[in-house]
Amino acid sequence: MGSLGGEERPAEGRRRPRFLCLHGFRTSAEIMRKQVLGKWPADVTARLDLVFADAPFPAEGKSDVEGIFDPPYYEWFQFDKGFTEYRNFDECLAYIEELMIKDGPFDGLMGFSQGAILSAALPGLQERGLALTRVPKIKYLIIICGAKFRSPTLVEKAYASKITCPSLHFIGDNDFLKAHGEKLIESCVDPFVIRHPKGHTVPRLDDKCLEVMLSFLEKIEKETSEHASTDVDEKEVCL
């Protein structure tokens, strides 16, 4: 577990939105931290309070990043070839909730690949009282190389209603999950979309991508500030 904080302070009266970051399959918190910090400008990461967490289970097989990033490697849950049956899924949800209790409160979730699929499903599961029942509502999502779960039972539970919280999606032209990422966007009410020419990776931000990113940040910073002001007002009334 690690926190990535920039040197630059947010505008006066504002706090940085806090995100729990869920890494990809058979990678790690440190690998995701390096991917984000190494590719996104400091003036973007400085506006977010990012907390990177390792998944609960050691990798049960070879990692695609061996030889690129050092071990150890972890996975959030296990799945079959059709991605319709999952093992240790309930344990994974309980683990994430404990992370959010211990290191929160969090405003949102940021996920890559397996972590993105998880992140996008959690608001719907939380809304139905099936996950994260002891932590505040997820307000924002950042989805990098994401998709939907394919299990009919889980689909019915996680995506029964559209995802209403503001969400930022990264879609790579050469990502093997591109079509699935597009389907996920259709399930979102307020999606911001960054399209890039790369594959299954955390991309660098060119001028066009950066413009979308900054628009998303401005929206969530404004809302986070308003939520903070409301909390202060309620405390003053109680006093």
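Predicted model: local features only at pLDDT ≥ 70, side-chain atom pairs only at ≥ 80, totals over all residues.
Colleague: Which residues of helix 3 are buried?

Modeller: A residue counts as buried under 20% relative accessible area. In helix 3 the buried residues are F89, C92, L93, I96, E97, L99, M100 and D103. Seen down the helix axis, these buried residues fall within an arc of 155°, so they line one face of helix 3.

Colleague: And which residues are exposed on the other side of helix 3?

Modeller: D90 and K102 are exposed there.

Colleague: What covers the buried residues of helix 3?

Modeller: The cover includes both strands and helices. Among the strands are strand 2 (18-22), strand 3 (49-53), strand 7 (86-87) and strand 8 (108-112). Helix 4 and helix 5 (152-158) are also included.

Colleague: Take helix 4, then. At what angle do the axes of helix 3 and helix 4 cross?

Modeller: For a pair of helices, look at the distance between the axes and at the crossing angle. The axes of helix 3 (residues 89-103) and helix 4 (residues 114-127) come within 12 Å and cross at roughly 80°. Angles of 65 to 115 degrees count as roughly perpendicular, and that makes helix 3 roughly perpendicular to helix 4.

Colleague: Which residues make the contact?

Modeller: Helix 3 contributes F89, C92, L93 and I96, while helix 4 contributes L118, L122 and L125. By class, the residues of this contact are seven nonpolar, no polar and no charged.

Colleague: Now single residues. Is Q114 buried or exposed?

Modeller: Q114, which is found in helix 4, has a relative accessible area of 3% and is therefore buried. Leaving out residues up to four places away in sequence, Q114 touches H23, G24, F25, E75, W76, F77 and F79.

Colleague: Where is D175 placed?

Modeller: D175 lies in the loop between strand 10 (167-172) and helix 6 (178-186). Its relative accessible area is 7%, so D175 is buried.

Colleague: Which residues is D175 in contact with, leaving aside neighbours within four places in sequence?

Modeller: Those residues are C145, K198, G199 and H200. Sequence separation and distance in space can be read side by side here: D175 and K198 are 23 residues apart in sequence, and 7.0 Å apart from C-alpha to C-alpha.

Methods
Residues numbered from 1 in each chain as written. Heavy atoms only, no water. Axes fitted to C-alpha atoms, helices over the stretch in contact; angles between N-to-C directions. Helix = DSSP H or I, 4+ residues; strand = E, 2+ residues; numbered from the N terminus. Parallel < 35°, antiparallel > 145°, perpendicular 65-115°, else oblique. Contact = heavy atoms within 4.5 Å. Nonpolar A, V, L, I, M, F, W, Y, C, P; charged D, E, K, R; others polar. Buried < 20%, exposed > 50% of the residue type's maximum accessible area, 1.4 Å probe, protein only. Arc of directions from axis to C-beta.
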